[in-house]
Amino acid sequence: MRRAKALQQHLVQAGHRLSSRQPFAVISTRMASDVPMSKFEPDESLNERYAAMEKRLAIVRKRLNKPLTLAEKVVYGHLDDPESQDIERGVSYLKLRPDRVAMQDATAQMAMLQFISSGLPKTMVPSTIHCDHLIEGTTSPQADRENSFGADADLKLARSANKEVYNFLASAGAKYGVGFWGPGSGIIHQIVLENYAFPGGMMIGTDSHTPNAGGLGMCAVGVGGADAVDVMAGLPWELKAPKVIGVKLTGKLSKWTSPKDVILKVAGILTVKGGTGAIVEYFGDGVDNLSCTGMATICNMGAEIGATTSMFPYNKRMRDYLTATGREGIAALADGFAANLKADEGAQYDQLIEIDLTTLEPHINGPFTPDLAHPLSQFAEALRKNGWPTELKAGLIGSCTNSSYEDMQRAASVARQALAAGIKSKVPFSISPGSEQIRATISRDGIMEVFEKVGGTVMANACGPCIGQWKRTDVPKGEPNSIITSFNRNFAARNDGNPATHAFVASPEIVTAFAIAGDLTFNPETDALVGADGKEVKLDSPYGDELPQKGFDAGADTYQAPPEPSTRSSVKVDVDPASSRLQLLEPFKPWDGKDIEGAAVLIKVKGKCTTDHISMAGPWL
């Protein structure tokens with residue numbers, strides 16, 4: 001709250017403008033060819049942002065006089081003061097001007113409460129709220145859901161249980177000009193990729209997997225709510241100048257290997273802390289053989305190696321995705337800005353990793369940590385050697401990491417083969433669509449029906465089990481068991497609250513094959529299943545279209561646009577004075593100038609400790 005008061009004082013002095021140290025808030029010169037940052041923000045010009053980046057980079061190039069990496073171009077292209085900013089990778093603290101802010105519903109509550117305290121009439125950068133974290137997923141009948149389960153039952157309960165939170169966020173968004181994506185819209189990162197991410201942009205998001213947008217060439221960084229408030233209030237965002245780790249990709253993926261296996265391999269190389277303080281930048285001929293959503297998958301899970309973010313250079317696959325999602329104007333503008341959306345020839349990296357996609361095997365990582373990497377050919381032996389449970393208890397696909405159309409198509413191609421042989425999933429199998437657009441499209445194209453026929457439960461368009469929002473009832477807490485997911489994180493008790501659950505991470509198609517087999521020692525590349533007729537069935541390699549041939553189906557409209565500025569003053573922010581979950585903030589008493597003394601130590605740790613160990617999301621949400 002002291003921060004909020006400081007923001008208010010700063011912005012009163014600045015006359016509700018951006019900081020005077022933002023020299024390139026380019027004056028609008030609107031033309032018919034002006035391209036908006038998104039269809040929801042017609043007055044936010046991408047042309048102006050690219051022009052500002054170009055001007056900043058001209059200054060930085062003159063100062064540094066060296067080839068720049070893609071990461072450096074995008075980061076330094078958003079400097080608040082490129083003329084006097086000290087710039088040294090891994091040393092300097094940069095002041096930056098992000099293009100936008102995205103918030104999920106759990107962290108948006110405090111962020112919006114703090115922003116309200118700033119006294120500003122609207123956010124100073126385009127911002128959005130996404131309702132995805134507060135929906136608990138179920139895969140078996142529940143008494144509190146009228147003995148039902150799955151997407152519809154879970155969403156109905158969430159809307160009731162979280163009504164006051166959703167009402168607060170919707171009303172606060174309406175009053176302060178923030179776009180609001182209601183429950184059922186989908187996961188924040190998938191919504192951003194479909195609607196808001198653009199090549200060369202900079203975004204901060206109040207969720208650790210914000211780097212997902214790097215699949216569209218964006219520098220997208222997960223931050224805490226206080227950083228989001230600073231940027232929404234017009235202050236520069238501070239970041240230690242990242243080092244840059246280069247990952248050179250050559251060759252082409254084939255058979256059962258997928259983009260997920262790239263980041264599973266990288267996690268095994270760098271470990272959960274190897275990317276700390278660095279941006280991971282992918283380059284090389286192999287990049288052009290990955291789909292845009294596949295690149296997003298790689299960037300998403302880059303959070304598990306501690307990286308600031310991960311990025312790919314702009315290419316045709318990104319252009320195709322932009323076009324398929326109705327953003328032809330952005331694609332055309334990016335084409336003309338392409339020189340700044342890739343690394344310069346001769347750019348130097350702080351560390352270099354090389355991966356041949358042609359020889360890369362499918363990987364399964366875990367248990368209890370996402371950096372314990374096992375090639376598929378060695379996984380069964382690792383299970384036996386370590387005494388990990390080989391009987392599979394559940395398979396889960398989807399989440400923000402792996403719920404693209406291509407992911408769902410490839411998984412469904414495996415399920416279709418099982419159905420043709422009269423085989424269904426041996427274990428509970430759940431599917432979490434990443435967005436309403438993905439859900440509607442795979443439903444229209446018959447993919448959803450395939451999953452349901454093979455025994456799958458379709459869950460809500462939300463985070464669900466990936467963040468621990470899974471009301472699991474089939475295994476008692478404390479009982480050792482194994483599950484496999486296409487999620488991004490698998491620390492102890494992460495998914496189901498059971499510290500004895502051995503959670504493994506793989507691609508959606510590998511997860512689907514294991515769910516059908518019910519046995520983690522099964523190798524879909526070499527082993528056979530037994531069909532309903534008793535004959536052996538060998539699975540063919542999965543296949544999936546990169547983009548839907550009939551185009552995307554947007555599905556239900558779950559977006560609430562802010563009202564016109566002239567009417568926002570009449571909007572009342574909805575906070576019940578008797579609420580046990582929400583409370584408008586009041587400023588702290590002025591600081592007396594003395595340090596705090598005698599404060600209690602809340603937690604002291606050593607060794608490998610993550611936010612999941614300290615306070616996992618599921619039990620609290």
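In which loop is proline 367 found? Proline 367 lies in the loop between β14 (363-365) and β15 (373-375). Helices (H or I, at least four residues) and strands (E, at least two) are DSSP runs, numbered from the N terminus. The model is predicted: local features need pLDDT of at least 70, side-chain atom pairs count only at pLDDT 80 or more, and totals for chains, interfaces and linings use all residues. Residues are numbered from 1 along each chain as its sequence is written, and side-chain values use heavy atoms, with hydrogens and water left out.

Two backbone features were noted. Glycine 366 and proline 367 are joined by a cis peptide bond, with omega about 0 degrees. Asparagine 65, a residue other than glycine, has a positive phi near 50 degrees. Asparagine 65 sits in the loop between α2 (46-64) and α3 (70-76). Most residues other than glycine have a negative phi, and most peptide bonds are trans.

An open sheet is formed by 6 strands. Their order is β8-β7-β4-β5-β6-β23, and the pairing is mixed. Strands pair if DSSP finds at least two bridges between them. β8 (219-222) and β23 (559-560) are the edge strands, each pairing on one side only. Strand β4 (residues 100-104) and strand β5 (residues 127-130) run parallel and are joined by 4 bridges. Histidine 130 in β5 stands opposite glutamine 104.

The chain is divided into domain 1 (100-356) and domain 2 (363-538); the bounds come from an automatic or database domain assignment. Over C-alpha atoms, the domain centres are 23 Å apart. Domain 1 gives 47 residues to the contact and domain 2 gives 48 residues, where contact means heavy atoms within 4.5 Å. The two domains bury about 3,800 Å² between them, 55% of it on carbon and sulfur atoms. Buried area is the accessible area (1.4 Å probe) that two parts lose on being put together, summed over both. Thr139, Ile187 and Trp256 supply 19% of the area that domain 1 buries against domain 2, more than any other three residues.

The interface holds 2 salt bridges, each a side-chain nitrogen of Lys or Arg within 4 Å of a carboxyl oxygen of Asp or Glu. Glutamate 304 forms a salt bridge with arginine 489; their closest N and O atoms are 2.7 Å apart. On the side of domain 1 that touches domain 2, the elements giving two or more residues are α7 (188-195), α9 (259-270) and α10 (292-301). α9 gives the most, with 6 residues.
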